[in-house]
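Here's a quick look at a few local details worth checking by eye. Have the sequence and the model open side by side as you read.

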Amino acid sequence: MILTYAKGMVTADDTKGLFNDANINIFLQDLICSGILRASEVSDKMNMLRKKQVDTIHTKKIYTRKDGRVFTRILENGKEKQVAGKDETELYEKLYDFYFGDNNASLEDLYPQWVEWRTNETNTSQKTVKENGYIWNAHLRDNPITQVPLKQLKPKDFICYFRTITKGVTLTRKRFNDLKSVMNGIIYFAIEKEIIEHNYLRDINYRQFTYKPENNDVIPYTEMERLQIINQLSNDDLYSLAIKLDFYLTLRISELKGLMWDDIRGDLIYIQRLINDKNEILDDIKGHKEEGKRYIPLTSATKVILNQIKLLNPNSEYLFIRNNKTLATVTFNRRIKKCCTELGIEYRPSHKVRFSTASILFKNGVGAPELQKMLGHTTLTMTSHYLRSVTPADETIEKMGAVLG
């Protein structure tokens, strides 16, 4: 901000977002020290600067009543309300507080505070924080809707913004929901700070928007490919055994890393924790949902793999922490890729192993409700996203020929 004082007039070359009481006071104190301004003039100059700043934003007409009181209207929490003062000075004090006071934060103002709060006060993973950061930078940063004070926004403002970003059908529904999730998070943070009282995103009909079709071409490993990979992997390497075990369970890689021997109880293994991307052990599950803490049955083949893991890593409480080092996801995926290359199989990373196991179980008679519990999903809709065809095309053609002729 560059402030100049000339011929008794104070002007602001650039006041947007910087012209606040702290800057004004510093500026006025400099003028007093320089002998340009007397201390007795500070109050008048402060009021003048505030008035000029309000006039850059407030466009509603100011009216004077017969008794000398003045009033105007402002938009707060989506509704117009009247603001009045005994004189112009008092009215402008109220307007200045409304437009530039502590409760005048925008999404852009609150975003860094929200990130810091989530990092320090919640169990949100750094991976999620980073992913939200990508969404913010791609769609919300420097956008007009994020720069307007939240208390001035109405549902139609959000609707217009959403209509604009979906008009070209360039966003998938998932991407749109990720963006909306970031906005929701900041808005609920603002509600907690008592900046606003209601989240208007809840009042919007999202069916009115058009989304880019999802690319659901997720091809899991087939039953034959799964068996080939399991048979190709050795029994004397912890990564190979981890991949084998993953093909028998329906775990996220973070959950696989967090398995302890005490989690095995008879014919069941209980999923109780995860190891995040910072190698921190968290007694929590992705999404912080109680459905995530679950159990999965152990087959006889699975128990054989567990015994082989115990032989390689006998002195640890954890299956896959050895010498204070856990599995590295990137190495885990490299081992799968190396195995696939050797077998001439199309490579799919660790998360597709989870897809594959669920899909193969479903094809062979395990019901969706049971798979929902094994996957740790909160809804059957989420589970249905995982259940893909694992039947090769030539086998499908053969079946159709047998049935239809």
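The sulfur of C339 sits 5.9 Å from the closest cysteine sulfur, the one in C340, so the pair is too far apart for a bond. A disulfide needs the two sulfur atoms within 2.5 Å. Across the structure, the disulfide count is zero. Keep in mind that this is a predicted model.

Are these two cysteines buried or exposed? C339 counts as buried because its relative accessibility is 3%. C340 is buried as well, with a relative accessible area of 1%. The cut-off for buried is under 20%.

Now for the backbone. Most residues other than glycine have a negative phi. Which residues go against that here? D142 has a positive phi, near 65 degrees, and isn't a glycine. N324 is another non-glycine residue with a positive phi, near 65 degrees.

Where do they sit? D142 lies in the loop between helix 5 (126-140) and helix 6 (144-147). N324 is in the loop that runs between strand 11 (321-322) and strand 12 (325-326). As for solvent, D142 counts as exposed because its relative accessibility is 53%, and N324 counts as exposed at 77%. The cut-off for exposed is over 50%.

Here are the relative accessibility values together:

| Residue | Relative accessibility |
|---|---|
| C339 | 3%, buried |
| C340 | 1%, buried |
| D142 | 53%, exposed |
| N324 | 77%, exposed |

How values were computed
Residues numbered from 1 in each chain as written. Predicted model: local features only at pLDDT ≥ 70, side-chain atom pairs only at ≥ 80, totals over all residues. Heavy atoms only, no water. Buried < 20%, exposed > 50% of the residue type's maximum accessible area, 1.4 Å probe, protein only. Helix = DSSP H or I, 4+ residues; strand = E, 2+ residues; numbered from the N terminus.
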